[in-house]
Amino acid sequence: MSTTVFRLPDIGEGLAEAEIVEWLVAAGAEVRADQPVVTVETAKAQVELPAPADGVITELAHGPGDIVPVGSALFTFEATGSGADAVEPAPASEPALATAPAVDGRAVPASPARPGAGRRRVLAAPSTRRLAVEHGIELAELTGSGPNGRIVLDDVRAAMAGGARSVDGAAPRSPEPVTAQAAVTPATAPVEPVAGETQVRPLRGLRRQVARAMTAAWSVPHITEFREVDATELERAHRTLRADAEEQGLRLTLLPLLVRAVTTALRRHPDFNATLDMEREEVTLHRRLDVGIAAATPDGLIVPVLRDAGRRSVPGLAREIARLGAGARERSLPLQDTTGGTFTISNFGSYGTWLGTPLINAPQVAIAGFGRVHDAVVPVDGVPAVRRVLPLAVAADHRLIDGEHLGAFVNTLERLIRTPLLLLGEED
């Protein structure tokens with residue numbers, strides 16, 4: 001029997017550190033080769049690290065919530081069986097397998113670790129686990145309908161509809177309601193904690209990554225152009241295309257058409273499809289249009305990337321947006337789907353809001369935000385008319401883009417939205 005210190009590897013995105021989300025086994029537990037031992041969270045995904053061989057986990061070096069630098073010890077392992085002397089830390093497995101979320105600030109174990117016993121590997125995303133915990137559904141008792149037996153949200157919902165048994169026999173629990181106290185806007189002055197009246201918790205997980213990204217975004221000098229655009233013809237085109245798509249079994253929203261308008265505008269204004277490196281004082285113009293789509297998830301904001309969006313058809317964009325959206329909600333997207341964007345779109349309208357102020361996803365240099373389409377009275381040939389109006393906002397990095405350039409880009413975008421016929425034949 002040999003003892004090995006398993007260290008946090010670089011799992012492929014050049015990260016310097018990762019956060020311990022959850023230990024999937026306890027110290028002293030026997031494990032099999034490739035059995036998931038710990039879930040860590042990086043800037044983009046949650047990743048399970050497996051046991052390198054059959055053996056015993058003798059010591060856990062960190063607790064949930066700890067931030068661990070790459071190369072630091074994670075756990076100590078005593079290998080058993082043949083080949084025990086040759087154990088080396090294994091590389092990371094595919095992202096977001098069998099991860100468990102934090103509920104109300106507390107880590108939720110996937111299931112009790114039983115040393116020496118075979119532990120069923122439950123594949124489910126954090127959002128799926130959260131829903132199961134909230135309703136007292138035991139994931140280990142479900143049969144997953146996803147790839148490789150992965151348990152998806154619909155499996156949990158089906159168990160809920162079928163009166164699934166609570167883990168402890170108690171009635172299913174509902175999420176805690178949001179109280180008026182919780183919704184109060186924080187004061188600008190520091191507030192002293194009051195025993196029993198406040199809760200202090202560390203900034204961890206995806207919310208930590210979002211906080212870092214927003215801090216980086218705030219360091220970018222923004223200039224923003226707001227516009228309300230007549231989208232009556234775009235909606236008419238959307239209705240026509242939607243009916244055709246439904247015959248093919250495809251759900252088509254307005255977003256793929258907005259992506260098409262943005263990619264067309266980017267081709268005509270290539271300075272907006274760029275990244276800026278101030279340390280090297282370099283601007284990189286990207287020929288390929290890799291467009292990030294900001295997606296809200298229960299854990300925070302994720303921006304999956306529509307790879308080569310300029311070459312995709314509208315139905316192709318719709319299919320890819322649906323795939324990325326589902327993966328973002330389940331935190332199951334591989335790294336290549338969440339990195340390398342060259343421009344970002346934020347669809348405020350999907351939340352029912354009129355419009356918001358988009359923040360640039362640095363090191364990108366521009367972002368477009370779209371609000372909710374609504375009726376408005378606008379002049380048409382000098383006569384008041386009720387039209388469908390789309391609010392939009394485009395923000396640009398003022399270090400690279402001036403107001404004149406921003407105005408020209410938004411003018412192009414407005415013209416494409418007002419006249420969607422111009423979007424035809426714009427694929428590379």
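User: Where is the place of T58?

Analyst: T58 belongs to strand β6, which covers residues 55-60. Strands are DSSP runs of E with at least two residues, and helices are runs of H or I with at least four, both numbered from the N terminus. Please keep in mind that this is a predicted model, in which local features need pLDDT of at least 70 and side-chain atom pairs count only at pLDDT 80 or more, while totals for chains, interfaces and linings use all residues. Residues are numbered from 1 along each chain as its sequence is written, and side-chain values use heavy atoms, leaving out hydrogens and water.

User: Why is T58 called partly exposed?

Analyst: The relative accessibility of T58 is 34%. Buried means under 20% relative accessible area and exposed means over 50%, with partly exposed in between (1.4 Å probe, protein chains only). T58 therefore counts as partly exposed.

User: Which residues is T58 in contact with, leaving aside its neighbours within four places in sequence?

Analyst: T58 is in contact with A27, G28, T76, F77 and E78, where contact means heavy atoms within 4.5 Å.

User: How do you know whether D230 is buried or exposed?

Analyst: D230 has 14% relative accessibility, so D230 counts as buried. D230 is found in strand β11, residues 222-230.

User: What makes the link between the side chains of D230 and R387 a polar contact?

Analyst: The distance is 2.8 Å. A polar contact is a pair of N or O atoms within 3.5 Å; within protein, one must be able to donate a hydrogen and the other to accept it, and residues adjacent in sequence count only if both atoms are side-chain atoms. The side chain of D230 also has a polar contact of 2.7 Å with that of T232. Not counting residues up to four places away in sequence, D230 touches R387, R388, I417 and R418.

User: Which residues have the most contacts inside the largest nonpolar core?

Analyst: They are F370, L413 and I417, in a core of 54 residues. Such a core is a set of buried Ala, Val, Leu, Ile, Met, Phe, Trp, Tyr and Cys residues joined through side-chain atoms within 4.5 Å. Helix α5 (residues 255-268) gives the largest share of this core, 8 residues. Another core lies apart from it, with 21 residues, among them V25, V31, V47 and A53.

User: What makes α5 largely enclosed?

Analyst: Of the 14 residues of α5, 12 are buried, so the rest of the structure largely encloses this helix. Among the buried ones are L255, P256 and R260. α5 reaches 20 Å from its first C-alpha to its last, close to the 20 Å expected; the expected span is 1.5 Å times one less than the number of residues.

User: In what order do the 4 strands of the open sheet stand?

Analyst: The order is β5-β4-β2-β7, with antiparallel pairing; two strands pair if DSSP finds at least two bridges between them. β5 (46-50) and β7 (67-69) each have a single partner strand, so one side of each is left without a neighbour in the sheet.

User: How do you know that β2 and β4 pair?

Analyst: Strand β2 (residues 17-23) and strand β4 (residues 36-41) share 4 bridges, in the antiparallel sense. E22 stands opposite T39 in β4.

User: How much of the chain counts as buried?

Analyst: The share is 46% of the 428 residues. The chain has 7 helices and 21 strands.
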